[in-house]
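Visitor: I would like a close look at one part of this model. Please take me through it step by step.

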Amino acid sequence: MSYTVRKFDALIVGAGGAGLRAAIQLSEAGFKTAVLTKVFPTRSHTVAAQGGVAASLGNSEEDNWHWHMYDTVKGGDWLSDQDSVEFMCRKANEAVIELEHYGMPFDRIENGRIYQRPFGGHMSNFGEKPVRRSCAAADRTGHAMLHALYQRNIKVNTQFFVEWQALDLLRDAEGEVLGVTAMDMETSEVVAFHAKATIFATGGAGRVYYSSTNAFINTGDGLGMAARAGIPLEDMEFWQFHPTGIAGAGVLITEGVRGEGGILRNADGERFMERYAPNAKDLASRDVVSRSMLTEINEGRGAGPYKDYVYLDLTHLDPQMIMKRLPSVHEIGVQFAGVDCLKEYLPVVPTCHYQMGGIPTNRFGQVVIPQGNNLEVPVPGFYAAGECACASVHGANRLGTNSLLDLLVFGKSAGEMAVEYIRDTVKTHKPLPQDAIDRSLARLDRLNNQKDGSNVHETRLVMQRTLQKHAGVFRFNNLLKEGVGLIHEVAETVAHTEIRDKSKVFNTARLEALELDNLIEVAKATMVSAEARKESRGAHMRDDAEDCPEHPNGRDDANWLKHTLWFRDENRLQYKPVQMKPLTVDSVELKTRSY
Amino acid sequence: MDEERGARIGRLKWHCRRALLELDLIFERFWERHGDDLDTQGEAALTRLLELEDHDLWALMSGKEVTDDPQLMGMIERLREV
């Protein structure tokens, strides 16, 4: 059938930090560049990033990229590709200074240089003592960054398609990427965006968990599209969790609450941390607290109708102190738990925060997949950057402030590679296959005509609860095994979702169903990859990975120092080695991670 | 709901997809409770609020900031209702 085709040199899907940074590179090179985004660019989730962006500027004390590299590899529990990490850490200063030139209002010190604050895991002299490495703009770093990047894009004539939902990746018979299909929310028209180079910068998929700090837009659209088009997803078992999010809502309760005397209790009111960490109790490290909370829940001592959360008790603390030092905690309790924390317990649960895995790329932002003996063959015309991509710099666990750095460095890198590809290799548009948009139309037809199908909201909840219980912050062998079967049952239900509203203008029911199609791919990838990895490493912690001299912290380098690749169509896993060799320096040698 | 209003409400609902989870949750609760009885004045007030930056919007929702604009005050009160 006939359909509208819009042609661009370059197409970027997603207008958060990574997408906007990539677009600048292409527009500045004079290429006709389109950015597709489902929400207005400055409402992308990058806005939520507060901590800052890491760069070893050394403005307040001595620092260098090599120390930053060491911290990143150690933080990632040695699953990071060290060539990518060196690349990122070496590029950090340039990335921050560029941003400053785009008008980013960084905080400053008296001599006019950018102010830098310390941040967890960032150290000087290879892990010796904390260092000031994070560059911030008050507590609105992500917000200020997006504005600076967006303004720059306006200046260089990037064309924005706002409120468009990307549907499917377009690949031809040779596997080359030729753009995407997308739906205009205003009319529901499906259009083929035909491009010489396509960059995915669609963000993470944190909404895949029941308890998530992520905004509703984080539905892993790029990951779903990539997986459906035959691209594997890498290291999807690694998700960063925060111990205390409001149960059912996900809003973070700062760890400062426990510092001020907050106590964790189970359904019986018992202060359970006394059993797990007799000395540190509620002030034990994040992973110990999360693990203890999960053990309580899994052994039936959770609270609530599903026995799936524990309590954070502040009722014994001085109300004036709470209102003075923790006013936002009180407000969050009232707004999102319906609880006055001065009088009642807050319901809390370990909460998903960041996705370490994603679409596999090399350090240039090129999407790379296995072909024969070569495990990293670039897919022509396809790039990815930011949280949707796995470069892999964060390895098994991300350091704070490295996410904003990741999107700046790899956003630019993907943009540069796309410029080169358009200029030197592809030159003209390869023809679109005749049936380019059929797959997307078939998905929409199925949704519009589904009878006696499943409810989108309920199905999403089942998926989220399944992942939370079976592949949460702390993982139990029997639950992992059971979860694999359960998530495939949920996937069957997702294939039969039904919407009652068939309207064409801003049909949010349809959009949510399409988002669920993407989330479920992430859920399957996570569940299957997590079940298969028989060790503990970084954010992937299993109860049956014994902490012993051969495997400190349960990490098994002899068998599991490798990246997972999950392929959707055969639901199969393949592994590839971790790149232990950096670009110019010696490898960060394996050792036990401890702080 | 007539088609024209349906389209307006659909657009407003989508514009309630924000960068911050806190705002998403507040708007989700609002639509569950008030989606059916939102009048044109309410639509206008909500439209104005949705034009704000997310951090400014959250400052109003969390009570850190206040406004003396009567049209916005009424809507903020409804959004903050627990």
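In which helix of chain A is A:His330 found? And what lies around that part?

Guide: This is a predicted model. A:His330 sits in helix 10 of chain A, which covers residues 327-337. Its relative accessible area is 14%, and buried means under 20%, so A:His330 counts as buried. Now its partners. Beyond the neighbours within four places in sequence, A:His330 is in contact with A:Met323, A:Asp340, A:Cys341 and A:Leu342.

Next, the contact between the chains. Chain A puts in 36 residues and chain B 29 residues. In chain A, the residues that lose the most area to chain B are A:Arg43, A:Phe216 and A:Gln335. Together they make up 26% of what the chain A side buries. Chain A and chain B bury about 2700 Å² between them. Carbon and sulfur atoms account for 58% of that area.

Then the polar side. Between chain A and chain B, 15 residue pairs are in polar contact, both residues at pLDDT 80 or more. The salt bridges between the two chains number four. In one salt bridge, the side chain of A:Arg140 meets that of B:Asp56, at 3.3 Å from N to O.

Terms used. Residues are numbered from 1 along each chain as its sequence is written. Chains are lettered from A and ligands numbered from 1 in the order in which they are written. This is a predicted model: local features need pLDDT of at least 70, side-chain atom pairs count only at pLDDT 80 or more; totals for chains, interfaces and linings use all residues. Side-chain values use heavy atoms; hydrogens and water are left out. Helices (H or I, at least four residues) and strands (E, at least two) are DSSP runs, numbered from the N terminus. Buried means under 20% relative accessible area, exposed over 50%, partly exposed in between (1.4 Å probe, protein chains only). Contact means heavy atoms within 4.5 Å. Buried area is the accessible area (1.4 Å probe) that two parts lose on being put together, summed over both. A polar contact is a pair of N or O atoms within 3.5 Å; within protein, one must be able to donate a hydrogen and the other to accept it, and residues adjacent in sequence count only if both atoms are side-chain atoms.
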